[in-house]
Amino acid sequence: MSVLIFIDTAEGHVKKASFEAMTYGVKVAEQLGTTAEGIVLGTTKDDLAALGKYGVKKIHHVNKPALDHLDAQSYTKAITDVAGKTGAKVIVFSNNVDGKAIAPRLSARLKAGLVSGAVALPDTSKGFVVKKNVFSGKAFANISLNTDVKIIALNPNAYQTIVGEGAAEVIATDIAVDAPKVKVTAVNKVNGEVPLTEAEIVVSAGRGLKGPENWGMVEDLAKVLHAATACSRPVADAHWRPHNEHVGQTGTAIAPTLYIAIGISGAIQHLAGVNRSKVIVVINKDPEAPFFKAADYGIVGDAFEVVPKMTEAIKKIKA
Amino acid sequence: MKILVCISKTPDTTAKIAFTDNNTKFDTNGVQWIINPYDEWYSLVRAIELKESDASTVIHLVTVGAPDADPIIRKALALGGDEAIRVNADSHDSFYIASQIAEVAKHDSYDLIFTGKETIDYNGSSIGGMVAELLDLPYISLATKFELGGTKATVTREIEGGEEVCEVNLPAVVSCQKGVAEQRIPNMRGIMAARTKPLKPIEPVAVDPLTGIASFELPPAKAGVKLVSPDNVEELVRLLKEEAKVI
């Protein structure tokens with residue numbers, strides 16, 4: 001018996017969301033009185049033994065280039081094989097893009113109950129119950145898992161990473177791997193940009209900015225905060241900003257520690273995508289904007305004056 | 001080309017979320033029901049576009065639900081599906097639903113199965129992956145673009161901080177999100193035509209769900225906004241640093 005954590009990589013580097021998944025998986029293992037092990041698929045550039053500092057004891061590394069790009073089918077097969085070898089009873093994923101592709105497949109393959117979008121540790125006082133987000137962040141559901149093997153996909157930014165000491169034993173795992181049926185032909189990554197779903201801080205703007213030419217100040221503020229930029233749906237629909245920046249019910253749902261909304265009124269659909277943020281700051285010239293009701297801090301004022309001042313004030317405290 | 005589009009009935013995006021029966025059931029009182037936006041706006045509309053560029057394309061819709069899902073299916077047919085199958089069952093969990101859809105798919109030969117990236121009620125993002133596994137088909141999730149070239153599809157999908165382009169031979173399962181297509185509104189001709197399109201209820205196969213809902217809960221209410229004067233932006237920054245400790 002063990003807890004197996006899927007450690008997700010991009011271009012050979014372990015993703016931030018996987019650090020959270022490891023910390024979470026180690027806690028689950030403690031609850032169950034067992035140890036946590038990790039699985040890494042594909043070639044890597046990072047020192048995998050160093051992942052021991054997140055509490056994992058062993059890393060099963062299937063070091064094959066055929067697994068360098070996500071193919072949910074061949075990944076699922078590889079994880080099934082390793083889960084079988086390690087006798088995994090709980091398998092933990094991040095509920096990120098890879099987790100969303102693989103965890104459901106694995107659930108169907110192993111007939112293992114899946115909680116996708118978990119936000120807390122399992123409650124083992126009455127069976128095995130895991131809390132997850134439902135209704136696009138407007139509520140939680142406590143999901144009971146009654147199957148022998150259980151799968152949990154942890155929402156990004158829902159669980160704080162804990163870094164300790166230690167080295168993991170890296171085990172080169174030679175299993176038969178299928179050729180990927182999904183072939184990646186191009187990767188278009190915006191270099192240096194903080195990925196929206198992984199960002200600790202997100203600076204977002206809406207129609208109140210009047211036009212795409214005014215986004216410079218939003219980007220400046222994001223830059224001093226090492227934040228990702230986002231936007232409301234009307235802004236994406238008007239092509240002022242790329243679609244992948246759209247946060248809300250029908251865009252990306254995010255849960256940063258700080259969300260700064262500039263010139264966004266706060267329609268219920270927008271709030272659904274951002275209300276898992278720990279702290280929300282709203283800057284809007286309309287004191288009646290519904291967003292203020294969901295905010296922790298607010299400024300009723302002209303964004304064109306407030307935002308540059310805020311950038312300067314942050315530069316000062318960071319200096 | 002034969003496409004199966006999975007349709008889910010969800011509460012309207014503005015629906016008030018409340019629970020009954022000691023917080024174990026969603027309170028459907030006064031709730032307006034819609035087609036899950038990801039299913040409608042992206043996967044269904046993209047299927048319709050594919051039919052518009054190749055008239056021999058056939059679009060089947062599938063949903064798992066009670067007869068009260070029929071108005072939603074009619075709307076999907078009005079947008080452009082050719083015929084619909086409703087598996088006459090209350091939905092249990094995503095594995096139950098996916099198993100029913102996979103069973104429907106096994107009885108026909110679909111080149112393509114489309115789902116939305118998730119439903120806006122349970123946010124599982126699971127149906128596509130489970131259906132793909134049950135049918136042993138390739139799965140591309142979170143597609144932002146979908147192009148067909150013969151028996152091959154070129155799909156752009158979301159990755160952290162960007163997108164990647166991939167190729168897959170059909171048949172395949174694809175989950176769709178923003179970018180794949182643009183929302184459409186059904187026209188009168190479509191609405192009239194939908195009345196006579198086949199909507200076939202079928203009985204479910206026996207499947208044991210893998211999960212259950214123990215209870216629901218609402219998030220704690222916010223304490224209230226702390227307003228700062230626009231002339232004192234430094235104070236806001238101080239609060240974020242010293243009080244909220246987020247910068």
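**Notes on a predicted two-chain model**

1. Setting aside neighbours within four places in sequence, Lys77(A) makes contact with Arg109(A), Ala176(A) and Asp178(A). Lys77(A) sits in helix α2 of chain A, which covers residues 72-86. Asp178(A) is 101 residues away from Lys77(A) along the chain, yet their C-alpha atoms are separated by 8.1 Å. Please keep in mind throughout that this is a predicted model.

2. Now to the interface. Chain A contributes 86 residues to the contact and chain B contributes 79 residues. Together the two chains bury about 7100 Å², with 58% of that area on carbon and sulfur atoms. As for polar contacts, 39 residue pairs are found across the interface of chain B and chain A, counting pairs with both residues at pLDDT 80 or more.

3. Which elements of chain B supply at least two residues each to the side that touches chain A? The helices are α1 (37-53), α4 (127-135) and α6 (233-243), and the strands are β9 (139-149), β10 (152-159), β11 (162-169), β14 (211-217) and β15 (226-228). Helix α6(B) gives the largest share of that side, namely eight residues. Sorted by class, the side of chain B that touches chain A holds 42 nonpolar, 20 charged and 17 polar residues.

4. The chains also pair through strands. Strand β12 of chain A (residues 182-189) runs antiparallel to β11(B), and seven bridges join them.

5. On charges, side chains of opposite charge can pair when their charged atoms come close. Over all chains the structure holds 33 salt bridges, and six salt bridges are counted between chain B and chain A. One pair to inspect is Asp296(A) with Lys222(B), a salt bridge whose closest N and O atoms are 2.7 Å apart. Within chain A, the side chains of Arg233(A) and Asp237(A) form a salt bridge as well, at 3.1 Å from N to O. Arg233(A) and Asp237(A) are four residues apart in helix α5 of chain A, so about one helical turn separates them.

6. Trp215(A) is in the loop between β13 (201-205) and α4 (216-224) of chain A, while Trp240(A) is in the loop between α5 (233-237) and β15 (258-262) of chain A, so the pair ties together parts that are 25 residues apart in sequence.

7. Finally, two backbone details in chain B. Most residues other than glycine have a negative phi, and most peptide bonds are trans. The peptide bond from Leu170(B) to Pro171(B), however, is cis, with omega near 0°. Pro171(B) lies in the loop between β11 and β12 (172-176) of chain B. Asn22(B) has a positive phi, near 60°, in a residue other than glycine. You will find Asn22(B) in the loop between β3 (19-20) and β4 (25-26) of chain B.

Terms used. Residues numbered from 1 in each chain as written. Chains lettered and ligands numbered in written order. Predicted model: local features only at pLDDT ≥ 70, side-chain atom pairs only at ≥ 80, totals over all residues. Heavy atoms only, no water. Contact = heavy atoms within 4.5 Å. Buried area = accessible area lost by both parts, 1.4 Å probe. Salt bridge = Lys/Arg side-chain N within 4 Å of Asp/Glu carboxyl O. Polar contact = N/O pair within 3.5 Å; in protein donor to acceptor, adjacent residues only side chain to side chain. Nonpolar A, V, L, I, M, F, W, Y, C, P; charged D, E, K, R; others polar. Pairing = 2+ DSSP bridges.
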